[in-house]
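Trainee: I have a model open and want to learn how to read it. Where do we start?

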Amino acid sequence: ELIQISDATVLEKVSNRYQSGVTQPGHVGVGGKEIWTFKASKKGQSTLYMEYSQSWDKGTKGAQKFSLTVVVE
């Protein structure tokens with residue numbers, strides 16, 4: 001999940017969606033990927049702070065965290 005965008009005047013979130021890795025009906029436990037789209041609004045620098053949480057009941061919040069700095073030229 002997106003926790004914060006350090007400068008939303010430089011970078012804004014457009015969308016995010018989950019793409020399942022299931023290729024045949026009935027497959028369970030297959031991974032997938034999150035696809036995030038951002039729009040550069042002006043020149044500058046902004047940092048995205050994101051974290052992965054386990055979504056099931058009593059799952060770990062913030063199991064993995066990372067940040068990504070984007071430079072718009």
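Mentor: We will go from the overall fold to a pocket, then to one residue. Keep in mind that this model is predicted.

Trainee: How many helices and strands are in the chain?

Mentor: The chain has five strands and zero helices. Along the sequence the pattern reads β-β-β-β-β. The chain is more spread out than a compact globule, because its radius of gyration is 15 Å, well over the 11 Å that the globule rule gives for 73 residues. The C-alpha trace spans about 45 × 30 × 15 Å along its principal axes. Of the 73 residues, 14% count as buried.

Trainee: Next, pockets. How much space lies in the largest pocket?

Mentor: Start with the general idea. A probe the size of a water molecule, rolled over the atoms, shows where empty space is left. Here, the largest pocket holds about 190 Å³ of space. Its lining includes Glu1, Trp36, Met50 and Phe66.

Trainee: Which strand gives the largest share of that lining?

Mentor: Strand 4 does, with three residues. Strand 3 (32–40) and strand 5 (64–72) each supply at least two. By type, the lining divides into four nonpolar, two polar and three charged residues.

Trainee: Now a single residue. Is Thr47 buried or exposed?

Mentor: Compare its relative accessible area with the cut-off: buried means under 20%. Thr47 has 11%, so Thr47 is buried. Thr47 lies in strand 4 (residues 44–52).

Trainee: What does the side chain of Thr47 make a polar contact with?

Mentor: The side chain of Thr69, at 3.1 Å. Leaving aside neighbours within four places in sequence, Thr47 also contacts residues including Gln4, Ile5 and Leu68.

Definitions and conventions
Residues numbered from 1 in each chain as written. Predicted model: local features only at pLDDT ≥ 70, side-chain atom pairs only at ≥ 80, totals over all residues. Heavy atoms only, no water. Helix = DSSP H or I, 4+ residues; strand = E, 2+ residues; numbered from the N terminus. Buried < 20%, exposed > 50% of the residue type's maximum accessible area, 1.4 Å probe, protein only. Polar contact = N/O pair within 3.5 Å; in protein donor to acceptor, adjacent residues only side chain to side chain. Contact = heavy atoms within 4.5 Å. 1 Å grid on protein atoms, 1.4 Å probe; cavity = no way out; pocket = protein on both sides within 12 Å on 5 of 7 lines; lining within 4 Å. Points joined across faces, edges and corners; volume = space filled by probe spheres on them. Nonpolar A, V, L, I, M, F, W, Y, C, P; charged D, E, K, R; others polar. Rg over C-alpha atoms; globule rule 2.2 N^0.38 Å.
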